[in-house]
Amino acid sequence: MFRSRVFIKICVFAIALIMLVGCGIITTPNPLIGCYKTPVTGKSAYSHCFEIRNDGTFDFIEYHEDSAYISSGTYEMSLSSFDFENATGLLVFTVESQTAGLSSYTLQKDAPNRYRFRWEADASDPSKTLRLDSMSGGKNLPNDSVSMRSDDFYEELEKWNNNSEEETV
């Protein structure tokens, strides 16, 4: 009886060790990964959609009727608080390329775009919301951004990439 308990404990420990080594240990969670959309708030307002990727890069689209402006680059995130339904912290976007033509971009190319964020996930539904409040560089988005399907985001990105000229700097 004593030997079977010891054997069971050794087996459980071995399985846990294999899972940790095989799966890799996540040292910094990143709840923000995904695609988001900020809906139009008025007739002349721009809509926004963006993707935050696990590799530290992003694409950000500002669009209205027949025009769109794309910003791409890298980001850094630090968490102030995190659980599986809420997170807060600081998000800094660095724009590396930007479509030419807009007089006032949401994300500025030659400045750190620092945002305080609040992320919320709905436990009963796969939707997530992300509020970005500008601290420097960029402008506030007019509303909370809501998660969107990655297929829908890539469809928008492809549509507007084919209709725009990228600024060369």
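**Pocket, aromatic pairs and selected residues of the predicted model**

The largest pocket has a volume of about 150 Å³. Grid points are joined across faces, edges and corners, and the volume is the space filled by probe spheres set on the points. The structure is a predicted model, in which local features need pLDDT of at least 70 and side-chain atom pairs count only at pLDDT 80 or more, while totals for chains, interfaces and linings use all residues. Residues are numbered from 1 along each chain as its sequence is written, and side-chain values use heavy atoms, with hydrogens and water left out.

The lining of the largest pocket consists of Ala45, Tyr46, His48, Glu62, Leu102, Ser104, Thr106, Lys139, Asn140 and Pro142; a lining residue has an atom within 4 Å of a point. By class, four of the lining residues are nonpolar, four polar and two charged. Here Ala, Val, Leu, Ile, Met, Phe, Trp, Tyr, Cys and Pro count as nonpolar, Asp, Glu, Lys and Arg as charged, and the others, Gly among them, as polar.

The protein chain has two helices and eight strands, in the order α-β-β-β-β-β-β-β-β-α from the N terminus. Helices (H or I, at least four residues) and strands (E, at least two) are DSSP runs, numbered from the N terminus. Of the 169 residues, 36% count as buried; buried means under 20% relative accessible area, exposed over 50%, and partly exposed in between (1.4 Å probe, protein chains only). Among contacts (heavy atoms within 4.5 Å) with a separation of 6 or more, 49% are between residues 24 or more positions apart.

Threonine 106, one of the pocket-lining residues, is placed in the loop between strand E5 (86–98) and strand E6 (113–121). Threonine 106 counts as buried because its relative accessible area is 6%. Its side chain makes polar contacts with the side chains of histidine 48, at 3.1 Å, and glutamate 62, at 2.9 Å. A polar contact is a pair of N or O atoms within 3.5 Å; within protein, one must be able to donate a hydrogen and the other to accept it, and residues adjacent in sequence count only if both atoms are side-chain atoms. Leaving out residues up to four places away in sequence, threonine 106 touches His48, Phe60, Glu62, Asn113, Tyr115, Gly138, Lys139 and Leu141.

Asparagine 113, one of the residues touched by threonine 106, is in strand E6. With 0% relative accessibility, asparagine 113 counts as buried. The side chain of asparagine 113 reaches the backbone nitrogen of glycine 138 at 3.0 Å. Residues touched by asparagine 113, beyond four places in sequence, include Leu91, Phe93, Leu107, Ser136 and Gly138.

Six aromatic pairs were found in a search of the whole structure. Rings of Phe, Tyr and Trp (its six-membered ring) pair if their centres lie within 6.5 Å; planes under 30 degrees apart count as stacked, over 60 as edge-to-face and the rest as tilted. Phenylalanine 50 and phenylalanine 60 form a stacked pair, 5.5 Å centre to centre with 20° between the planes. Because phenylalanine 50 lies in strand E2 (residues 47–52) and phenylalanine 60 in strand E3 (residues 57–64), the pair ties together parts that are 10 residues apart in sequence. Both phenylalanine 50 and phenylalanine 60 are buried. Phenylalanine 153 and tyrosine 154 form an edge-to-face pair, 5.6 Å centre to centre with 75° between the planes. Phenylalanine 153 counts as buried at 0% relative accessibility, whereas tyrosine 154, at 37%, counts as partly exposed.

Ring pairs link Tyr36, Phe50 and Phe60 into a cluster. Tyrosine 36 is in strand E1 (residues 34–38) and, at 0% relative accessibility, counts as buried. Its side chain reaches the backbone oxygen of leucine 32 at 2.9 Å. Beyond four places in sequence, the contacts of tyrosine 36 include His48, Phe50, Trp119, Lys128 and Met148. The C-alpha atoms of tyrosine 36 and lysine 128 are separated by 8.4 Å, although the two residues are 92 residues apart along the chain.

Alanine 123 lies in the loop between E6 and strand E7 (128–136) and is exposed, with a relative accessible area of 64%. The C-alpha atoms of alanine 123 and glutamate 85, 38 residues apart along the chain, are separated by 6.8 Å.

Key
On a 1 Å grid over the protein atoms alone, a cavity is a set of points where a 1.4 Å probe fits but cannot get out, and a pocket is an open set with protein on both sides within 12 Å along at least five of seven lines; lining residues have an atom within 4 Å of a point.
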